Amino acid sequence: MKKFDEAAQAPALVATPNEMAQSPLSTQHRPSRGPSKFRPSVIISYVLVLLTVVLYLFPILYLVNISLKTPIGFIQDPIGITKTFHWQNFVDAWQKGDFGTGLYNSLLYTIVSSIISTVLSLFLAFPIARAYIKYSNFWYVLFVISLFLPSALIPQFQLIVNMGLYDTQIGYILLQSGAVGLGPFLIIGYLRSIPKELDEAAAVDGCGYYRYLWSVITPLVMPVLVTTFLLHAIAVWNDIIGPTIYLADEQLHPITLGLFAFYGQYGNEWAELSAATLIVAFPLILLYFSLQRYFIEGALGGAFKS
């Protein structure tokens with residue numbers, strides 16, 4: 001009982017909230033937070049990003065500004081901000097450029113050839129990335145070197161003529177489908193980030209080669225496949241030289257060749273031409289924003305996947 005009384009009379013070791021608030025030690029070592037300061041490198045980074053955005057957006061905004069001007073308004077002030085919204089330029093551009101037929105042809109060429117090219121890129125990239133064929137490194141380097149070689153325009157033209165595919169949609173689609181470009185290079189880098197043990201496990205379970213590609217590999221590499229499809233679609237959609245050489249019939253021309261209707265011998269209709277350019281570019285802009293997430297992941301996935 002004596003020890004219990006001494007313990008009761010001893011001062012408490014745990015301070016109450018009021019005592020903690022009154023204690024001078026409660027604020028003695030508390031770190032003070034001053035105003036946040038931006039480092040010079042951060043400020044420079046933001047400035048560079050802002051300049052890049054302005055450089056990319058300025059041509060589009062400039063086209064929008066001109067496309068909304070009347071012909072007289074453009075002559076009076078070509079570079080000034082428009083004071084009118086002449087939407088009739090888009091209607092006239094659609095009719096004059098025959099964009100209805102051109103849009104159908106462009107969608108046909110772009111979608112079909114991009115799908116075929118993406119599938120070919122996957123079939124070419126998988127055995128090289130896994131080293132299932134001899135001299136896989138040689139084939140990989142060959143794909144890289146092919147990116148810097150000039151276009152074989154004359155042999156391709158002779159081949160198309162001799163096969164009887166000149167001035168046909170099938171011939172042009174086959175030409176565009178064979179131009180795989182960056183596809184195998186991107187897919188090989190992405191496939192190398194996927195463990196090879198997955199192939200062995202699928203083989204043990206009795207999964208066939210083609211079934212494994214479609215059921216297992218394709219979902220895993222879908223971002224880079226979308227990236228490959230998007231890059232090829234942009235190249236086919238914006239191609240002007242190819243349709244000019246291989247498609248003589250105007251009914252087979254893509255939408256890009258419709259822009260030539262706005263060039264005259266003695267003058268150009270700049271307001272309608274700007275509206276026509278926006279009409280041609282709008283599907284690609286819409287496609288990019290709808291697939292932006294896959295595009296970024298596919299372009300950078302091979303570098304950051306473990």
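In this briefing a residue is called buried when its relative accessible area is under 20%, exposed when that area is over 50%, and partly exposed in between, using a 1.4 Å probe and protein chains only. The model is a predicted one, in which local features need pLDDT of at least 70 and side-chain atom pairs count only at pLDDT 80 or more, while totals for chains, interfaces and linings use all residues. Residues are numbered from 1 along each chain as its sequence is written, and side-chain values use heavy atoms, with hydrogens and water left out.

**Overall picture**

- The protein has 16 helices and zero strands, where helices (H or I, at least four residues) and strands (E, at least two) are DSSP runs numbered from the N terminus.
- Of the 306 residues in the protein, 30% are buried.
- The accessible surface comes to about 20500 Å², and 69% of this belongs to carbon and sulfur atoms; such areas come from the Shrake-Rupley method with a 1.4 Å probe, and for residues only the protein chains shown count as cover.
- When contacts (heavy atoms within 4.5 Å) between residues at least 6 apart in sequence are considered, 74% of them join residues at least 24 apart.

**Transmembrane annotation**

- The UniProt annotation "transmembrane region", taken from an unreviewed entry, covers residues 43-64, 107-126, 138-158, 170-191, 212-237 and 273-291; the positions are given in the numbering used here, feature names are shortened, and annotations may be inferred rather than shown by experiment.
- Over residues 43-64 the chain is 100% helix and 0% strand, with the end C-alpha atoms 31 Å apart.
- Over residues 212-237 the chain is 96% helix and 0% strand, and here the end C-alpha atoms are 32 Å apart.

**Nonpolar cores**

- A nonpolar core is a set of buried Ala, Val, Leu, Ile, Met, Phe, Trp, Tyr and Cys residues joined through side-chain atoms within 4.5 Å, and the largest one here has 18 residues, with Leu122, Phe126, Ile187, Leu191, Ile217 and Val221 having the most contacts inside it.
- Helices α6 (99-130), α10 (183-191), α12 and α13 (222-237) each supply at least two residues of this core, and α6 gives the most, with five residues.
- Apart from its neighbours within four places in sequence, Val221 is in contact with Leu122, Tyr190, Leu191 and Ile194.
- A second, separate core of 12 residues includes Trp237, Ile255, Ala275 and Ala276.

- Thr218 is found in helix α12, which spans residues 209-220, and Thr218 is buried because its relative accessible area is 10%.
- Residues up to four places away in sequence not being counted, Thr218 touches Leu122, Leu213 and Leu225, and the C-alpha atoms of Thr218 and Val119, 99 residues apart along the chain, are separated by 9.9 Å.
- Leu220 is also found in α12, but Leu220 counts as partly exposed because its relative accessibility is 39%.
- Beyond its neighbours within four places in sequence, Leu220 is in contact with Tyr190, Ile194 and Leu198, while its C-alpha atom is separated by 8.9 Å from that of Leu191, 29 residues apart along the chain.

- Ser67 lies in helix α3, residues 40-67, and is buried, with a relative accessible area of 0%.
- Leaving out neighbours within four places in sequence, the residues in contact with Ser67 are His86, Asn89, Phe90, Ala271, Ser274, Ala275 and Leu278.
- Val49, Val53, Leu57, Ile60, Leu61, Val64, Ile285 and Phe289 make a nonpolar surface patch of about 690 Å².
- Patches are made of residues with over 30% relative accessible area and no salt bridge, like charges being joined within 9 Å and nonpolar side chains (Val, Leu, Ile, Met, Phe, Trp, Tyr) within 5 Å; a salt bridge is a side-chain nitrogen of Lys or Arg within 4 Å of a carboxyl oxygen of Asp or Glu.
- Both α3 and α15 (270-290) supply at least two residues of the nonpolar patch, and α3 gives the most, with six residues.
- Ile285 is found in helix α15 and counts as partly exposed, at 34% relative accessibility.

**The loop between α6 and α7**

- Ala131 is placed in the loop between α6 and α7 (136-146), and its phi is near 60 degrees, a positive value in a residue other than glycine.
- Tyr135 lies in the loop between α6 and α7, with a phi near 55 degrees, which is likewise positive in a residue other than glycine.
- Ala131 counts as partly exposed at 45% relative accessibility, whereas Tyr135 counts as exposed at 64%.
- Most residues other than glycine have a negative phi.
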